[in-house]
Amino acid sequence: MKKLIFSTAIIAMALAVQAQEIPERKSERQEMHQKNKGHRPMHGMDMKQLNLTDAQKEQFKTQQESFRKQMEELKKNDNITVKEWKSKAEALRKQHKEQTQLILTKEQKSQLEKMKEEGKVKREALGKERAEKMKTTLGLSDEQSAKMQTNRVKTGEKMKAIREDKSLSDDQKKENMKELHKEQKEFMKSVLTEEQLNKMKELRHHKPGGEGRNPEMK
């Protein structure tokens, strides 16, 4: 499992030079929270901005705990197909979202949607800013930048598919990640110039803990 996580981290590091957000390996529970931000319990700023009552906070806590237990039980069920598992998981998420919405007032729902939209705009702006910074730093052409963006999306999807494939053993996932890592290395070599590749390595080495984390890219 450690080798699997290491392989995933290597790919994530390679993709990071594109100044795009590729998620590193997370547990299934973490991925569920990331995929379903609307299903997560209210925390910190959310509670403050929505002005939730103590009763609402307690309801959210109870609802989230119930959802967590249901998902944990589903993950333990090895007698269903991957398709059935995904269908049941989606049904639980939908039910959880509906029950969560019932706790909020009309005004709070509107405020929450506004907060989500504002967050989306900020993330998109930050992503563009990082992409432009890296484009300038490495001297990427528009064509190179476009290719790397497309590759980032495709590789991220492949990584996610491997992690979520319950039909694969840990060893099989490890091998698939190793193959994906090889594909990523070849892609980078085919798109970047030698000078850009060296600059990319230099940038990684200047990051905290960067040197030695990805020896194959040296």
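**Salt bridges and cores**

Mentor: Lys76 and Glu73 join their side chains in a salt bridge, 3.9 Å from N to O. The model is predicted, with local features needing pLDDT of at least 70 and side-chain atom pairs counting only at pLDDT 80 or more, while totals for chains, interfaces and linings use all residues. Residues are numbered from 1 along each chain as its sequence is written, and side-chain values use heavy atoms, with hydrogens and water left out.

Trainee: Why is the pair Lys76 and Glu73 called a salt bridge?

Mentor: The term needs a side-chain nitrogen of Lys or Arg within 4 Å of a carboxyl oxygen of Asp or Glu. The N to O distance here is 3.9 Å, so the pair qualifies.

Trainee: How far apart are Lys76 and Glu73 along helix H4?

Mentor: They are three residues apart in H4 (residues 54-76), which means about one helical turn between them. A helix here is a DSSP run of H or I with at least four residues, a strand is a run of E with at least two, and numbering starts at the N terminus. Both Lys76 and Glu73 are exposed.

Trainee: How many salt bridges does the whole structure hold?

Mentor: The search finds 11. Among them is Glu175 with Lys178, at 3.8 Å from N to O; these two residues are three apart in helix H8, about one turn. Glu179 and Lys182, also in H8 and three apart, meet at 3.7 Å.

Trainee: What makes Glu175 buried, partly exposed or exposed?

Mentor: Buried means under 20% relative accessible area, exposed over 50%, and partly exposed in between, using a 1.4 Å probe and protein chains only. Glu175 has 37%, so it is partly exposed. Lys178, at 35%, is partly exposed too, as is Glu179 at 41%.

Trainee: What makes a group of residues a nonpolar core?

Mentor: The residues must be buried Ala, Val, Leu, Ile, Met, Phe, Trp, Tyr or Cys, joined through side-chain atoms within 4.5 Å. The largest such core has 10 residues, including Met134, Leu140, Phe187 and Leu192. Helices H6 (106-138), H8 (170-191) and H9 (194-205) each give two or more residues to this core, and H8 gives the most, three. In soluble globular proteins, nonpolar side chains tend to be buried together.

Trainee: Which residues does Leu140 contact, leaving aside neighbours within four places in sequence?

Mentor: Contact means heavy atoms within 4.5 Å. Leu140 contacts Met134, Lys135, Met148, Leu192 and Gln196. Another core, of seven residues including Leu52, Phe60, Ile103 and Leu112, lies apart from the largest one.
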